[in-house]
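Notebook open, model loaded. I want to go from the whole chain down to single rings.

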Amino acid sequence: MRIRKPHTAVLTGVVAAVGLLAVGCGSLEDWKADSSGDRHKTAKRGIARPEGDYRSTLTLSDGRKVAVRLVRGTGVQERHQDAGSTTWSAWRTLYKTDADLCQGVDLAEVNRTVSLIADFGLYCSDGEPPTESVAGVGTGELTDWGIDITKDFDGWENASINDDGSEVEFLYDSDAGPYSLRWEQGEGFGKIVTPEG
């Protein structure tokens, strides 16, 4: 599946900023500094702030934390931390690839269900479209993750989690129309729904 759209760092940054403000996730009062002086997104909206281009950490609604990073030559790695703990689990590879890293790791959470979006591809960090788009869902104690890979695809733009955390829908709005991929608890990932049907 090949979808192409113009990619520039400036355009991507502007669109991302406008999108965050439009959904109410970009207001200054949502940010606070922790004891180390780092700024991070509060957990009340369940969306993580990327820490640089290749890593994000999210504080879940129950106080736990999950961190995901993209590692050159390895792929997608995850670790998590119990509420009130200072000890992280060991890094674990969720998806192995040697492809180049793209910019950004997106995490979101509703009711203990965590969604993950990441991309890989040749020259992807320079604006070329990804060749491997990762959609992931972690539940429960975050020891089990469902991972779906879409090849030669512009990448998922957003993940929508229903109120009880039992369904996650990954979305991409192309010029031809919307693409979606659904994950359901107990069922896992379904097939991509394309504008063509």
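**Whole chain**

I started with burial: 39% of the 197 residues in the protein chain count as buried. I note for the record that this is a predicted model. I then went through the secondary structure and found one helix and 15 strands in the protein chain. For contacts with a separation of 6 or more, I looked up the share from residues 24 or more positions apart, and it comes to 39% in the protein chain. The surface was next: the protein chain exposes about 10400 Å², and carbon and sulfur atoms supply 50% of that.

**The four-stranded sheet**

I picked out an open sheet of four strands, which runs β8-β9-β10-β11 with antiparallel pairing. Which strands sit at the edges? They are β8 (101–110) and β11 (144–151), each of which pairs on one side only. From one strand to the next I get an average twist of 15 degrees.

I took the β8 side first. β8 pairs with β9 (residues 113–120) over seven bridges in the antiparallel sense, and I found Ala-108 opposite Ser-115 in β9. These two strands make a hairpin with two residues between them. I checked the turn as well: Asn-111 has a positive phi of about 50 degrees.

Then I went to the other side. β10 (residues 132–139) and β11 are antiparallel, with eight bridges. I looked up the partner of Val-134 there, and it is Ile-149 in β11.

**Aromatic rings**

How many aromatic pairs does the whole structure hold? My search gives six. One of them is Phe-153 with Trp-156, a tilted pair with 4.7 Å centre to centre and 55 degrees between the planes. I checked both for burial: Phe-153 has a relative accessible area of 0%, and Trp-156 comes out at 3%, so Trp-156 counts as buried too, the cut-off being under 20%.

Phe-170 and Phe-189 are another tilted pair, at 5.9 Å between centres and 35 degrees between planes. Phe-170 lies in β13 (residues 167–174) and Phe-189 in β15 (residues 188–189), so this pair ties together parts 19 residues apart in sequence. Phe-170 is buried as well, at 0% relative accessible area.

I also traced one aromatic cluster, formed by Phe-153, Trp-156, Tyr-172 and Tyr-179.

**Charges over rings**

I have Arg-69 over the face of Trp-91, 3.8 Å from the ring centre. I also have the charged end of Arg-79 over the ring of Trp-88, at 4.5 Å from its centre.

Note on methods. Residues are numbered from 1 along each chain as its sequence is written. This is a predicted model: local features need pLDDT of at least 70, side-chain atom pairs count only at pLDDT 80 or more; totals for chains, interfaces and linings use all residues. Side-chain values use heavy atoms; hydrogens and water are left out. Two strands pair if DSSP finds at least two bridges between them. Axes are lines fitted to C-alpha atoms, for helices over the stretch in contact, and angles run from 0 to 180 degrees between N-to-C directions. Buried means under 20% relative accessible area, exposed over 50%, partly exposed in between (1.4 Å probe, protein chains only). Contact means heavy atoms within 4.5 Å. Accessible areas come from the Shrake-Rupley method with a 1.4 Å probe; for residues, only the protein chains shown count as cover. Rings of Phe, Tyr and Trp (its six-membered ring) pair if their centres lie within 6.5 Å; planes under 30 degrees apart count as stacked, over 60 as edge-to-face and the rest as tilted. A charge sits over a ring if NZ of Lys or CZ of Arg is within 6 Å of the ring centre and within 35 degrees of the ring normal.
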